[in-house]
Each structure stands twice: as structure tokens, then as C-alpha cells.
Amino acid sequence: MTLLEMAQDLQRKADGPEIFDALDTYYADDVTLVEGTGETFHGKETERARIQAFFASIEEMHGSEIKAVSAHETSPGTGVAFAETSADATFTGAGRRQIEQVSVQQWKDGKVVHERFYYNAAGM
């Protein structure tokens with residue numbers, strides 16, 4: 001699989017019920033994740049807990065979309081990938097929100113080793 005194909009598969013799985021399969025398949029155990037707020041998190045298991053908490057905070061999911069995925073592969077399974085996504089959800093105690101974000105992923109040997117999210121954090 002090319003880096004682009006892996007990045008597309010990751011996004012497809014992350015956009016649905018296979019999100020934990022995407023995490024297990026494509027993220028390094030010691031991955032670093034940086035939120036749009038600047039908060040930094042380390043490790044696949046930390047991310048698993050954050051995903052579970054995120055889904056627990058959703059009252060209703062109204063829709064989501066993968067708008068674009070691109071990648072620049074420097075060697076097999078290594079390089080950088082970008083994804084633009086959106087979600088429309090109602091959150092417990094926070095109402096309905098539309099989230100648009102871009103993620104930039106550094107890949108090494110077929111695994112995401114660093115991911116940074118860019119989004120408008122106002123009101124979050």
C-alpha cells in the first residue's frame with residue numbers, strides 16, 4: 001500500500017465504527033498528538049481513552065465528511081499526509097457544533113508517529 005492509500009484507509013476507518021481498528025493499525029505505540037489548542041498527548045493508549053471520552057460526550061451525530069486526503073511519500077510508508085474533515089454533532093451540555101479540521105500526520109514505516117490538528121477552537 002502507498003502512503004496515500006494508507007492515509008485514505010485510516011480516514012475512512014476513523015470516520016466510522018472502525019476507528020479503533022484505524023488506531024491499532026496505523027498509529028505507533030508512542031505517537032505524539034497535538035490538538036489545535038496546543039495541548040500535546042503521547043501514546044496510542046492515551047489516544048484511545050481520548051477517543052472514548054469524545055464519543056461519550058456526543059448525544060447525536062448528524063454527519064461527517066472526509067473532504068480531502070493527500071500524501072507525500074519519501075520512502076515506502078514514510079512521509080507526510082494531510083486530511084481535511086468535518087463533523088456535525090450535538091454534544092452533552094454543549095449543544096450542536098460543526099467542526100472542521102485539518103490533520104497533518106508524520107508517518108514512519110507505515111505508522112503515524114506525530115499528528116497535529118488545526119481547527120478553530122473558539123467556543124470549544
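# Briefing on the predicted protein chain

Among contacts in the protein chain between residues at least 6 apart in sequence, 53% link residues that are at least 24 apart. The model described here is predicted. Its secondary structure comprises 3 helices and 6 strands, which follow the pattern α-α-β-β-α-β-β-β-β when read along the sequence. The radius of gyration of the protein chain is 14 Å, close to the 14 Å that the globule rule gives for 124 residues, so the chain is as compact as a globular protein of that length.

**Overall dimensions, burial and charge**

- The C-alpha trace of the protein chain spans about 45 × 25 × 25 Å along its principal axes.
- Of the 124 residues, 38% count as buried, while the chain exposes about 6900 Å², of which carbon and sulfur atoms supply 51%.
- The chain carries 11 positive and 21 negative side chains, and the centres of these two sets lie 2 Å apart.

**Helix H1**

- Helix H1 covers residues 3-14, and its 12 residues should span 16 Å at 1.5 Å a residue, which agrees with the 16 Å that separates its end C-alpha atoms.
- The buried residues of H1 are Leu3, Met6, Ala7, Asp9, Leu10, Gln11 and Lys13.
- In an α-helix there are 3.6 residues a turn, so residues three or four places apart point the same way.
- The elements against which the buried residues of H1 pack are helix H2 (19-26) and the strands S1 (27-34), S3 (58-75), S4, S5 (95-108) and S6 (111-119).

**Glu84 in strand S4**

- Glu84 belongs to strand S4, which runs over residues 78-91, and Glu84 is partly exposed because its relative accessible area is 35%, which falls between the 20% and 50% cut-offs.
- When neighbours within four places in sequence are left aside, Glu84 is in contact with Glu65, Ile66, Lys67, Ala68, Gln101 and Val102.

**Lys44 in helix H3**

- Lys44 is found in helix H3, which covers residues 44-56, and Lys44 counts as buried because its relative accessibility of 9% is under the 20% cut-off.
- Leaving aside neighbours within four places in sequence, the residues in contact with Lys44 are Leu23, Asp24, Tyr27, Ala28, Asp29 and Val31.

Note on methods
Residues numbered from 1 in each chain as written. Predicted model: local features only at pLDDT ≥ 70, side-chain atom pairs only at ≥ 80, totals over all residues. Heavy atoms only, no water. Helix = DSSP H or I, 4+ residues; strand = E, 2+ residues; numbered from the N terminus. Buried < 20%, exposed > 50% of the residue type's maximum accessible area, 1.4 Å probe, protein only. Contact = heavy atoms within 4.5 Å. Rg over C-alpha atoms; globule rule 2.2 N^0.38 Å. Areas by Shrake-Rupley, 256 points an atom, 1.4 Å probe, with all protein chains shown as cover. Lys, Arg positive; Asp, Glu negative; His and termini not counted. Charge placed at Lys NZ, Arg CZ, Asp CG, Glu CD. Expected span 1.5 Å × (residues − 1).
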